[in-house]
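Here is a friendly briefing on aromatic contacts and strand pairing. Please have your viewer ready.

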Amino acid sequence: MKIRSAVAVSAAFLLAACGGGGQIGDSGSGNAAANKKLVLIPGITAEPFYISMQCGFEEAAKAAGYETDTQAPSKFDAAQQTPIVTGVLASKPAAVLIAPTDDKAMAGPMKQLKDAGIKVVEVDTKLQDTSIASSTISSNNEQGGKLAAETINKLTAGKTGSVLVLNTKAGTSTTDARAKGFEDEIKKYPNLKYVGQQYTDNEAATAASKVTATLAANPDLIGVFATNLNSGEGAATGLRNAGKTGAVNLVGFDASPKQVEDLKAGFVQALIAQDPGTIGKQGVEQAVAAIDGKANKRNIETDLVAITKDDAEKNSKYFYKKAC
Ligand code: T6T
């Protein structure tokens, strides 16, 4: 799959790398095809990345003749996602598409699904243990982090200064990979002094305060990479509050309505958008293949695109939804 860059400052950024609820009928263990229920367990509820994923999931499931149910925790937290998995386990769907909120802590609950004969497909995030899911559909997050570093380098145009990464929670496979890709790439630009990563706990308010504190400690800050939606929204607020909009180049992962609004207003300089609708759709295809006893593609990469204010409209298909 591809990573496309639409950042106007450089075409050279191009990187080739690529609901409803309901009780589930007990189909019994030996008759998976008769069980027409798919469940999506996102990382957090009411968040445009996962809403867009749910839209793709529901559309594809309907086309394949499956019923759907989506159940999400109110916080991006393994302690909240675990009881959801346990409840879904008891309802015996044919397959579960899940975005594990922790790459180790969710292994136990997800293994219980597998052991009960329920097919498990990872969407977006993944476990360190690769033996549980039959397929993982995700952006190439490490490449996305690299793209963010390249983008900050282009935007800062040779100036000297400090650069910060705002990560979410340790153990989130996607954002950890983005931070790693960024760290590896930023080393190539000696004028950009990497001051390390700060964790936001996936809270926009924490992201805003971490930015303010980093500015106080590093007045030469010229770049921030926010590794996901809430971090990006919060970082934009922090920079505005500090009167540093534009002076500090902000590159954020994701493309929520608020992030897009901030991009168009000049509060954010670039967004790296994912394709969550396709992640949901491909997740269904892999789940149905597993249910039907067909071979799975173990890893599927979906598109990433870097977007600036100048090419926002042209890339509007990548903007995330608040509703299907
Ligand atoms: O960035 C996405 C997702 O890819 C990541 O795993 C967690 O955060 C988001 O859902 C955005 O909030």
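Rings of Phe, Tyr and Trp (its six-membered ring) pair if their centres lie within 6.5 Å; planes under 30 degrees apart count as stacked, over 60 as edge-to-face and the rest as tilted. By that rule, ring pairs join Phe 182, Tyr 194, Phe 225 and Phe 253 into a cluster. The model is predicted, so to speak of local features a pLDDT of at least 70 is needed, side-chain atom pairs count only at pLDDT 80 or more, and totals for chains, interfaces and linings use all residues. Residues are numbered from 1 along each chain as its sequence is written, and side-chain values use heavy atoms, with hydrogens and water left out.

**The chain as a whole**
- The secondary structure comes to nine helices and 13 strands; helices (H or I, at least four residues) and strands (E, at least two) are DSSP runs, numbered from the N terminus.
- Of the 324 residues, 56% count as buried, where buried means under 20% relative accessible area, exposed over 50% and partly exposed in between (1.4 Å probe, protein chains only).

**Aromatic pairs**
- Searching the whole structure gives five aromatic pairs.
- In one of them, Phe 182 and Tyr 194, the ring centres are 6.2 Å apart and the planes are at 55°, so this pair is tilted.
- This pair links distant parts of the chain, with Phe 182 in helix α5 (residues 173–186) and Tyr 194 in strand β8 (residues 192–199), 12 residues apart.
- Phe 182 is buried at a relative accessible area of 0%, whereas Tyr 194 is partly exposed at 25%.
- Phe 225 and Phe 253 also form a tilted pair, because their centres are 6.2 Å apart and their planes are at 55°.
- Phe 225 belongs to strand β9 (residues 221–226) and Phe 253 to strand β10 (residues 249–253), so the pair ties together parts 28 residues apart in sequence.
- Phe 225 and Phe 253 are both buried.

**Charges over rings**
- Arg 178 has its charged end over the ring of Phe 253, 3.9 Å from the centre; a charge sits over a ring if NZ of Lys or CZ of Arg is within 6 Å of the ring centre and within 35 degrees of the ring normal.
- The charged end of Arg 240 sits over the ring of Phe 267, 3.8 Å from its centre.

**Strand β12**
- Strand β6 (residues 135–139) pairs with β12 in the parallel sense over four bridges; two strands pair if DSSP finds at least two bridges between them.
- Ile 137 has Ile 300 as its bridge partner in β12.
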